[in-house]
Every structure is written in structure tokens, then in C-alpha cells.
Amino acid sequence: MAYVVTENCINCKHTTCVDVCPTEAFKEGPNFLVIDPELCVDCDLCPAECPAEAIFEEDDVPEDQLGFIELNAELAKLWPEIATSKDALPDYADWDGKPDKLKLLER
């Protein structure tokens, strides 16, 4: 079972989660991170590091966020690995908790 990054990461993109990942399963897009389900070992370290509370175990992904399971798998094949943290996006605080951000996802 893998962990999944969900909608609240869009336009926030805190990267503190990548520092604790033992398998470097995170992949980075322009305004979103995903977890490669083939590399994730379900270690449970990343959710606690996410200030946006956007990371869930696959079985616990909220009903309205289930599409992010497939989205993480799809984008993990396209985006490069990120193994060290960077600064969050400049206006992350303005986007935290905003609904309907999927349309803002940059591929």
C-alpha cells in the first residue's frame, strides 16, 4: 500500500516530506508533488512532515480525493525525482485549504 499526495498540495508544494522518505519516492512537478507507488514502502514518515496535511495512506484517501491515487501513479512516471527539500511556493499560505485546486495543476 502506498501513500498518496492529494489536492491540498497543489500550489503549496511544501517539500519537507521528501527529506524523510527512505526510498526517494517523491516526484516533483511545477506546482505539486506526487509519490511513486512503486517506490513507496508505506513507512508512514511523510504524512507527519506535510504542513498542508495532503498526504494519506491509500486506504485512507478521502472519498472526494480518490482520483489522486491514479494521478500520483500517472505523474510519477513522468516527473523527476526530488530527494531534498526546497522552499514552498511563494504564495503557499494563500492556497492552503482552498477547494477545487485540481484545475490549477500544472503538468
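# Cavities, cysteines and a buried helix face

User: How many cavities of 30 Å³ or more does the structure hold?

Analyst: It holds two. A cavity here is a set of points, on a 1 Å grid over the protein atoms alone, where a 1.4 Å probe fits but cannot get out, and its lining residues have an atom within 4 Å of a point. Grid points are joined across faces, edges and corners, and a volume is the space filled by probe spheres set on the points. Keep in mind that this is a predicted model: local features need pLDDT of at least 70, side-chain atom pairs count only at pLDDT 80 or more, and totals for chains, interfaces and linings use all residues. Residues are numbered from 1 along each chain as its sequence is written, and side-chain values use heavy atoms, with hydrogens and water left out.

User: What is the volume of the largest cavity?

Analyst: About 80 Å³. Of the 14 residues lining the largest cavity, Cys 21, Pro 22, Cys 40, Cys 43 and Cys 46 are the closest to its centre. By class, its lining has eleven nonpolar, one polar and two charged residues.

User: Switching to the second largest cavity, which residues line it?

Analyst: Val 5, Cys 9, His 14, Cys 17, Phe 26, Leu 33, Cys 50, Ala 54 and Ile 55. The second largest cavity has about 30 Å³ of space, and its lining divides into eight nonpolar, one polar and no charged residues.

User: Where is Leu 33 found?

Analyst: Leu 33 is in strand E3 (residues 33-35). Strands (E, at least two residues) and helices (H or I, at least four) are DSSP runs, numbered from the N terminus. Leu 33 is buried, at 0% relative accessibility. Beyond its neighbours within four places in sequence, the contacts of Leu 33 include Val 5, His 14, Phe 26 and Ile 82, where contact means heavy atoms within 4.5 Å.

User: What about His 14, where is that found?

Analyst: His 14 is in the loop between E1 and helix H1 (16-20). At 17% relative accessibility, His 14 is buried. Leaving out residues up to four places away in sequence, His 14 touches Leu 33, Pro 51, Ala 52, Ala 88 and Tyr 92.

User: Next, helix H3. Which residues are buried in it?

Analyst: In H3 (residues 67-76) they are Phe 68, Leu 71, Asn 72, Leu 75 and Ala 76. Seen down the helix axis, these buried residues fall within an arc of 120 degrees, so they line one face of H3. The arc is taken over the directions from the helix axis to the C-beta atoms.

User: What covers the buried residues of H3?

Analyst: The cover includes strand E1 (3-5), strand E2 (26-28) and E3.

Technical notes. Buried < 20%, exposed > 50% of the residue type's maximum accessible area, 1.4 Å probe, protein only. 1 Å grid on protein atoms, 1.4 Å probe; cavity = no way out; pocket = protein on both sides within 12 Å on 5 of 7 lines; lining within 4 Å. Nonpolar A, V, L, I, M, F, W, Y, C, P; charged D, E, K, R; others polar.
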